[in-house]
Amino acid sequence: MKNRVISMLLMVGMSVLIGCHARSQVQEEPLEPMAQSYRGVLPCADCDGIDTSLFLEKDGTFILREQYQSIPQGPDTFASYGQWRRTADKLVLTDSKGEKRYFRPVGHSLEMLDRQGLPINASFPHQLTETEQPLPNTLMAMKGMYRYMADVATFSDCATGKTFVMEDSAELERQYFRVRNTAGEPVLLVLTAHFAIIPSMEEGQMVKAIIPGNSDKARMSARENCDTQID
């Protein structure tokens, strides 16, 4: 009898511990409707501020544009992209290199958090405010599987797993048929490009597409895939 009581107590104790552990873990919530874009000037250690624009897409992807202000060589502008998700109290951005950034929704704004996702105890402004603005045309490094078939090019992005229509590029088409004999077969494409909203092939529809930068500098390979490490 004593052994049975001890066994029951151990089982109850384990159940409580498991339950507490499960509740203590951060619970990811389904994607919720949020403002499409935010903008603000975030603090900078060696410049006057970083003019920051953040674009959130309903498919869980984001684009982040940052312009460093008042630096000797003039404004430097960078852009990155990746996937966003919501936890119970945070917005988590994971860019194409796997690096994370954290924000906290506050009313119609997003408050920047530190690298551990904790509040920043400082008096300087560190919020992005809901706004409306077009997608930036700042070029970004991208890697994905490119296909060309029936006069349509598509790009399956390695970082997000999303597939996008790609704007026509005669140079990319020529490169494609130099490495592939049959249309529709995927090849690895590394290039600089940006996103834009363009008219779809379906009348009256708009679609998010990839706009190539300098296609002459793009690299295409039929022997590599998304697992290939690119320097």
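I began with Y176, which is buried (under 20% relative accessible area, with exposed over 50% and partly exposed in between; 1.4 Å probe, protein chains only) at a relative accessible area of 0%. The model is predicted, and I took local features only at pLDDT of at least 70 and side-chain atom pairs at pLDDT 80 or more, whereas totals for chains, interfaces and linings use all residues. Residues are numbered from 1 along each chain as its sequence is written, and side-chain values use heavy atoms, without hydrogens and water.

I then looked up aromatic pairs (ring centres of Phe, Tyr and Trp, the latter by its six-membered ring, within 6.5 Å; planes under 30 degrees apart stacked, over 60 edge-to-face, the rest tilted). The structure holds 7 of them. I found the rings of Y81 and F195 edge-to-face, with centres 5.7 Å apart and planes at 70°.

F177 is partly exposed, at 39% relative accessible area. Y146, Y148, Y176 and F177 form one aromatic cluster.

Last, I checked E171, which is found in helix α2 (residues 170-179). E171 is buried at 17% relative accessible area. Beyond its neighbours within four places in sequence, E171 is in contact (heavy atoms within 4.5 Å) with R178, S215 and D216.

How values were computed: Helix = DSSP H or I, 4+ residues; strand = E, 2+ residues; numbered from the N terminus.
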